[in-house]
Each structure stands twice: as structure tokens, then as C-alpha cells.
Amino acid sequence: MESLLGVPLGEVLGAGGFATVWTLGADRVAKISHVAHDLNLARVAREAEALAAIGAPAVPAVHASGVLDDGRAWLVLDRVAGTTVANRMAEGRSDVAEATRLGIATLESLASIHAAGFVHRDLKPDNLVLTPDGRIVILDLGLARRVPRDPNDPTRAGVQVGSLEYMPPEQFADAASVDERSDLYAFGCVLFELLAGRPPFLGDAATLERAHMALRPPRLDSLAEVPVLIDQLVHDCLAKEPSRRPGSASRARAVLAQTRDAVALRAGTHPISLVRESQQPVVLLYAELPRVDRALLGRFAAHRLVIASQRGRRVLAGALGGESTDPAALALAAAHDLVAAGSRVVLHLEGLRVAQGVLHGEAIDKPETWLPASPWTGVLVSRALAAVIQAPTRDAADHPGFCVLAAEAERAVLIGREALLEDLASDAVVALGGVRPGGPGIAVLVGEPGVGKTAFGEELARRLSALGVRVHVGTVPLPGTGKPSYAVLGDLVAAPRSASLVRDLGDGLRAAARVAPLAVIVDDLHLADHDLIDALEYATLGGEPL
């Protein structure tokens, strides 16, 4: 087939699992389904119906629809000039002002869809087009559902529809019963990704389904500096229960408009990055990725690193000393995350000029001046950085001027912590039944980054192990790894099977303690979600030696 409605087909603009989009003249496109199928016919008919009811500019204007001689369905639409929000995200996370503008524009178009009596059911960055005049046009309404009831819903019963990274919990359970609030959940995921550089949840299909159904997303304000109102709006949109989300797209838009007008940042000191220009220490991270994809690039933003340059699989980024009390810890965490995904990384400390979030200096313009001269694997640390970080290192034999991270056995010696170690070990013995049962069952050690809490925990574990106690030591997974907080418990407990995450985890720990006295030492607890923290406290209330 070479023409439609008497107009020759032009170039292919895009193709998905359902249809291909071709140019059709200067200002229109043709969307043609891949195969002749009753479901495809129904989806095209629904899209034509929804587009006609909603109308431009919220969605593309529809001009004609039909079925080809070979049974494939087609639509002719206005061609929308602009770029997708997904393409914009690939350039890095948005600042608050840009995310607010994009969010308001998206909600204006979404409100038009809802006002026409439809819910989109596949709202995602790829379906949002930012036009030159700042509007958002929403594409792909083939999965649209009439609300409140839709006897002609093209979705098959029991079939999941939508994109997993942005799918609300109720859509996993029954896509044929969702309403406008489901689109608001997806919008919350998009706004989260704009600001944090990654969606709320990451992982494979099974991990994403469980996360949307049962897990709390990472705190947005732990990944980005955001106004209180936006942080609360995203939190509300991502509520598991639809009734707890904003009542409408218009209400959500009003919150964003209020933020735009007030420009009220959350409480706290202003980071140096708000200064137009400054000289500050930057921990540089150079990575060679195994491949280029959005998820891998999103890990830089997830660890609050600023990308300075990208050339194919080679990415240079920095953790700014003006934005974090411990930029080295951010860079090290990102390095471990990237290496686990198959990358190789070099870390280096340099004083750079930072102007409006952009890094300037010879180390940025000529990274070859500090990168290793020969190939390497894993993580290399320059001596300039190794001299100031808390993590133990040793010289890299094959790379003069660089170090590698030392093994756990090569730990730093604790100085001046003996009294505290004895106190906590004594409390643990009491809780574990060595003196009297029912003593204190939980203790929290608090301190600034780098003071040695991890080394302290390791030493405490050794002392308790020497008493014949079963000791489990784990670190809470970093946000962005796709792992739930309770993964820190390893094989102590089975994966929760019910919605009562706290009770399942707590009862699992209590059951393990009934087999043998158990001490659990959790590092980086500040990264944990509330369910894990509540479960740990719940587990110590039953009287077991835990």
C-alpha cells in the first residue's frame, strides 16, 4: 500500500506493538494497525471516537478512519509538531520550574479528556508531546475507556493494558473498571520522573507489579530539591487507594499553579547550587556503560549526579559539594549501582566552577588528563579522592595514581568507640535472653555520614557472633535499584504474600528468632521505607530473643 485517501504515504514516524505512524502530506499522519484483527478494529474505532469527542488542542484532530482492503484499521490525524516528554527526559531531569510548566500543561489536556467522559489508561512520557508554544498534546487513545461505564470497552477481560512503569495498582487488578483517578496516578509517576530523573519504581514486570501494588515509592524530596506542595502532590497522586488521590486533574493543576506562583521551596537551607555561579568541590564519575538506555541514564539523576557530557556509552557526571554534605558517598553509591549493571567507573575529586548547574573546568573539557591510561574493570578511585573518603582503599597495581576499594576485611580501626560498643553489646545480650528476657529489643545509632557507623555495626556483629548468636548484617538497597527495602533482611524472611507487609515481615523475624537467638543489624536505615521500620519495631514486641 502506497497511498491513503489519494495521498502518498511518506516516511515512518514511529511504530509500536499495535500500529505504525506514517507522514501523510505536510501536516497529517496516518496511523495504520499492523494486522487485521477484531481487537485492532475495536481499538482504532475507540481512538477515533475519543479523539472526536475530546477535540484539539488537547489531542490531535482526527480527520478520517476506516479499514483497508486487507482488513487493517487506519486513522488520519493532524501531525503534531514538537518533541515527546520522553525525549526531553533523556536529556536529564527537569528543574522545578520546567517540571511545573510541563505538569500544568499535561493536566490541562488531561482535564479535557476527562471532561469528554474518557480515561486515557496509558499516560506516559512517550504519549505526551510538548509543542513549540508550550502546550502538551496527548497521543494514543486506543486504550481509552468511557466513564463511568463502558459496555463497548475494547479491553479484553482479564488482560492488563498500559505501561508498567506508570500503571496504577487498580489497573493491574481490573483495567476495565478504572476511572479518572487512575490517570492521576500515572501523572504522578511522570511528574516524579521529571524531577527525580527516574520513575518511582524500577525493575522487571513482576517487580513493577508488586511495587505498584504494595510498596511505597522513594521520597521525592530525598532525590530532588522540590517545593513542599509538589512533594505532597506527587505523594497524593501515588496513593494506592484511588480515593486518596486528588479528586480531579483540575484540582491537581491548581496545586501546581499555586506552586508556580509561590515558588516556595521546602524548609531547609538553600544549596549552593541556587547561587548563579560558585567554585566548589565536585566528585567526578566517568562511566562506560554496557549500553545506552533510559533506565541506566536515570541512575545518575537518581543518585543526584549532574551529567556533564555524554558520548555514546561514555558518560561524565559529577556529585556537587554545594548540594550534598557527602558528595563522595553519592558518587560511590552510583558507582556500585552502575558496576552492578555491567559498567566500569572511575571516580575523581576536582575543584570546578559550577554555573547554574553546569560544570566548567579542564577536568570536564579534557577528562583524558585524569583518566587511567590503560583499560580497567570495576571501580577505580583517584588518589585525590581516596585521600578524603571514609571507604578503605589500596593502590591499584596496574594503574599508577589510582586506588581500588578495599575488601570488607581491610576495614578501618575503630578509635574511641569501646564504651558505646560495650553498652550496645550488653543491651543485645539482655534482649537475647542472656540475663533476663524481655529487655530492650531495638536500638538506633545516628551520626553524620562518614563517622564510621558501618564499621561500628560490623564490629558489633563480630562481638555478638562470638557469643553464639545468629547475626544478620545487611544494607538497605539504594533508591533506584528496583529492590524493596525488606531485601536487607535477605533469607531471614520469605517475600510477603499479603497486603500486610509490616505484619508479614515482623512475624517472619519473630519465627526466625524462635529457632535461635537472632541479632539483625541494618545499615543505611534512613533509606528504608516506613513498612520496614515499622516491621522491625513490631518484631521486637513479642518477647522472642531478637
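Colleague: How does the lining of the second largest cavity divide into nonpolar, polar and charged residues?
Modeller: Six are nonpolar, two polar and none charged. Ala, Val, Leu, Ile, Met, Phe, Trp, Tyr, Cys and Pro count as nonpolar, Asp, Glu, Lys and Arg as charged, and the others, Gly among them, as polar. This is a predicted model: local features need pLDDT of at least 70, side-chain atom pairs count only at pLDDT 80 or more, and totals for chains, interfaces and linings use all residues. Residues are numbered from 1 along each chain as its sequence is written, and side-chain values use heavy atoms, without hydrogens and water.

Colleague: Which residues line that second largest cavity?
Modeller: Val85, Leu102, Gly103, Thr106, Leu128, Phe187, Val190 and Leu194. Helix H3 (96–115) and H5 each give two or more residues to this lining. Helices are DSSP runs of H or I, at least four residues, numbered from the N terminus.

Colleague: And what counts as a cavity?
Modeller: On a 1 Å grid over the protein atoms alone, a set of points where a 1.4 Å probe fits but cannot get out; lining residues have an atom within 4 Å of a point.

Colleague: Which helix gives the most to the lining of the largest cavity?
Modeller: Helix H5 (residues 180–196), with three residues. The whole lining there divides into five nonpolar, four polar and three charged.

Colleague: Switching topic, which way does H15 pass H16, right-handed or left-handed?
Modeller: The crossing is right-handed, as the near helix is turned clockwise from the far one by less than a right angle.

How values were computed
1 Å grid on protein atoms, 1.4 Å probe; cavity = no way out; pocket = protein on both sides within 12 Å on 5 of 7 lines; lining within 4 Å.
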